[in-house]
Amino acid sequence: MVPLRTPLRSWTHIPRRFYSGAPTPAAKLNLPIDYKTTPILHHTSSSLANTQDFPAGATSKRLNFFQAINSALKTALSKSEKVLLFGEDVAFGGVFRCSMDLQTEFGSDRVFNTPLTEQGIAGFAIGCAVEGMKPVAEIQFADYVFPAFDQIVNEAAKFRYREGGTGINAGGLVIRMPCGAVGHGALYHSQSPESLFAHIPGVRVVMPRSPAQAKGLLLASIFEHNDPVVFMEPKILYRAAVEHVPNEYYTIPLSKAEVIKPGKDLTVISYGQPLYMCSAAISAIEQAMPGVNVELIDLRTIYPWDRQTVIESVKKTGRAVVVHESMVNYGVGAEVAATLQENAFLRLEAPVKRVAGWSTHTGLSYEQFILPDVARIFDGIKQTLEY
Amino acid sequence: MSFLKASDLPAIPTYRVIDSDGEMVDRTRTAPDVTDEEVLTWYKNMLSVSVMDVVMFEAQRQGRLSFYMVSAGEEGITVGSAAALTPDDVVFAQYREAGVFQQRGFTLKNFMSQLFANDNDAGKGRNMPVHYGQNYPRMHTISSPLATQIPQAAGAAYALKMQDLQNPTRDPRIVACYFGEGAASEGDFHAALNIAATRSCPVVFICRNNGYAISTPTLEQYRGDGIASRGVGYGIDTIRVDGNDVFAVNEAMKEARRLALTDGGRPVLIEAMSYRVSHHSTSDDSFAYRARVEVEDWKRRDNPIIRLRKWLENQGLWNEDKEKETRDQMRKAVLKEFGEAEREKKPPLREAFKDVYEEITEEQREQMNELKRILETYPDEYDLRPYKDGAKGLD
């Protein structure tokens, strides 16, 4: 349910100050992420051209994350008349501006506001999907998806299995939702419930790390798979992350992880916004410990996940740190660690380390201390290297 | 065979006591049954919320607090309805009910401590601004998810009913539950009204229909005769009132409270019509979806504070000098508490982990020790000065 449905500016603009404490002037690790220089983003079109996921020779434009989502939605609505886009406040562009100008371009039959009811939105979307449309439903914040949990868990996920021989399924359904912390979202504008959905066979759970990834993964979710997709968008990136995004249609395969930085001594596995912190922590550790070389993997799809890429990497490096923002208890890190223990036990030189949110709620004044930061990731990598 | 056509049914009327000039709508009826002193208190409480809103909205714009929501245009609904409650009644609110808190004794210091999430905040610095809460008179701490409070209110009312039956010497109590017309689209609203009706719960549901759920106007929120028509469908006594008319709201709430406690208890629905003059929150810019002129028109046309002021002036109870003096005093009082609250330390870091469970778990204890080790190993990376007891706050 929607909360304070309080979007727009304050959720996506980098706050002028921290509301939960801040690093001291002497800080070397917990500095604000510099999105203009991070190696996670494609700052030039030539860096984009060197990546296999993107169409060869494509023209590109610098877009932020919400513009990339908007571009993907526009591409999808143009490509197929089956695509519908709806949710709360979608018509005027959405509280995060992802659907800007789309109602004007594609009309109010295909792009429209719904009443304020997440269970209604999810159920309505499932109905559209099983009768042949490709609905893209927006839940205004991941924190408000829970009234829709029944529809997603009991209906979308089980539709094909239940129908069996009729062949009817909820493929084509994508439920988008902004997720993650921004520094002042407290209990109900901060959550990342990916592990709750990843526990449910039948839904694909995707979380892109950047604008170009978001467009390709969203188009793949709509067109390339006949499974319902829960598509989670780290809202702190909507305005902060800017990179070159191909102008045309392209897809990035679901359930395929990406090694975004190769290395030989340790594997860091993460997804979404913490990848930027992982990247900063890895730079710091490689500076502090000359000769050390750390591999960084983006899961991209949380479930069904690319086990082989992760297992192969850890067989090579012998050490693994899993990083995510949501609570450590029964989280994605637990699944990854258990899988590594089962499949790479004899190659492991250290226990698999989890650096994640603590087992509590995201209290406003304590956010900085509850969620992983560069210092904690740095410390986790160091401990695992020195084990 | 004939289908009942919604469009053929007469619209539910709106109960009004005074008009936009502060005159009695029905000049033949008796004046509102309320003392001058009481009305002046209402007016000051409405004004105080309004003054606080202006200061805090601006403070948010300056980056001094993370978030704020004003209740401009809805002060009459909140103050007028809360004035009909007894201190023992229980409130479940949404997030635009500062007037209920004000009317029920929440002090400026309470407001500011919550807004700055400091060590005096009953919510332990955990909640976003405007998520106020108070034990007595009881107003449950605001939860951001919409409509979740509505079925809880029905259950709470059932609890009060059972307790008051078991202890007939005490004055019976009700629950007052506030929400907006957008929230009334959630499944929880429908579940709540139905279960409250079937269990005859002494709860008054107060829907603030302010025309907008963020950007979504009521035309895209529902069809049919507002929220009031739904009450009738669930077998619930229902009234629609003019939310800019504090007397109408108060009289409706008094009667609703009486009805709620009649014949062993029953739910009542009040739909109070208003207009959300403000942006949804400091995170919203409503001119992206509605014309500035629409808002300006409304502000000029009608507003619960101006309407009550006209009534008070008509009675000779108020004038421009009093208005100016009172506003100045209020602004000074707000700024004083603002400054003090802003300077106050934040609660100790252990409050990040406490109250998830009744006792801190063994796993959380280990996490707190690990966090303390990190804070001590990397002292340059964390500014612990705002927090009471620094890293020791985790002990």
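A crossing of two helices is called left-handed if the near helix is turned anticlockwise from the far one by less than a right angle, and right-handed if it is turned clockwise. The exercises below concern a predicted model.

**Exercise 1.** Determine how helices α5 and α6 of chain B are placed relative to each other, and which residues bring them into contact.

*Solution.* Begin with the axes: those of α5 (residues 149-166) of chain B and α6 (residues 187-198) of chain B come within 7 Å and cross at roughly 20°. Next, apply the cut-off, by which angles under 35 degrees count as roughly parallel; α5(B) and α6(B) are therefore roughly parallel to each other. The sense of the crossing of α5(B) and α6(B) is left-handed. Finally, turn to the residues: from α5(B), Ile150(B), Pro151(B), Ala153(B), Ala154(B) and Ala157(B) meet a set in α6(B) made up of Asp188(B), Phe189(B), Ala191(B), Ala192(B), Ile195(B) and Ala196(B). Sorted by class, this contact of α5(B) with α6(B) has 10 nonpolar residues, no polar ones and 1 charged residue.

**Exercise 2.** Describe how the two domains of chain A meet, and what the touching side of domain 1 of chain A consists of.

*Solution.* First, locate the domains, which the assignment for chain A gives as domain 1 (45-246) and domain 2 (256-385). Their C-alpha centres lie 26 Å apart, and 23 residues of domain 1 of chain A are in contact with 21 residues of domain 2 of chain A. On the side of domain 1 that touches domain 2, at least two residues each come from α8 (194-198), β6 (204-206) and α9 (211-223) of chain A. By class, that side of domain 1 of chain A has 12 nonpolar, 8 polar and 3 charged residues.

Key: Residues numbered from 1 in each chain as written. Chains lettered and ligands numbered in written order. Predicted model: local features only at pLDDT ≥ 70, side-chain atom pairs only at ≥ 80, totals over all residues. Domains from an automatic or database assignment. Contact = placed C-beta atoms within 7 Å. Helix = DSSP H or I, 4+ residues; strand = E, 2+ residues; numbered from the N terminus. Nonpolar A, V, L, I, M, F, W, Y, C, P; charged D, E, K, R; others polar. Axes fitted to C-alpha atoms, helices over the stretch in contact; angles between N-to-C directions. Parallel < 35°, antiparallel > 145°, perpendicular 65-115°, else oblique.
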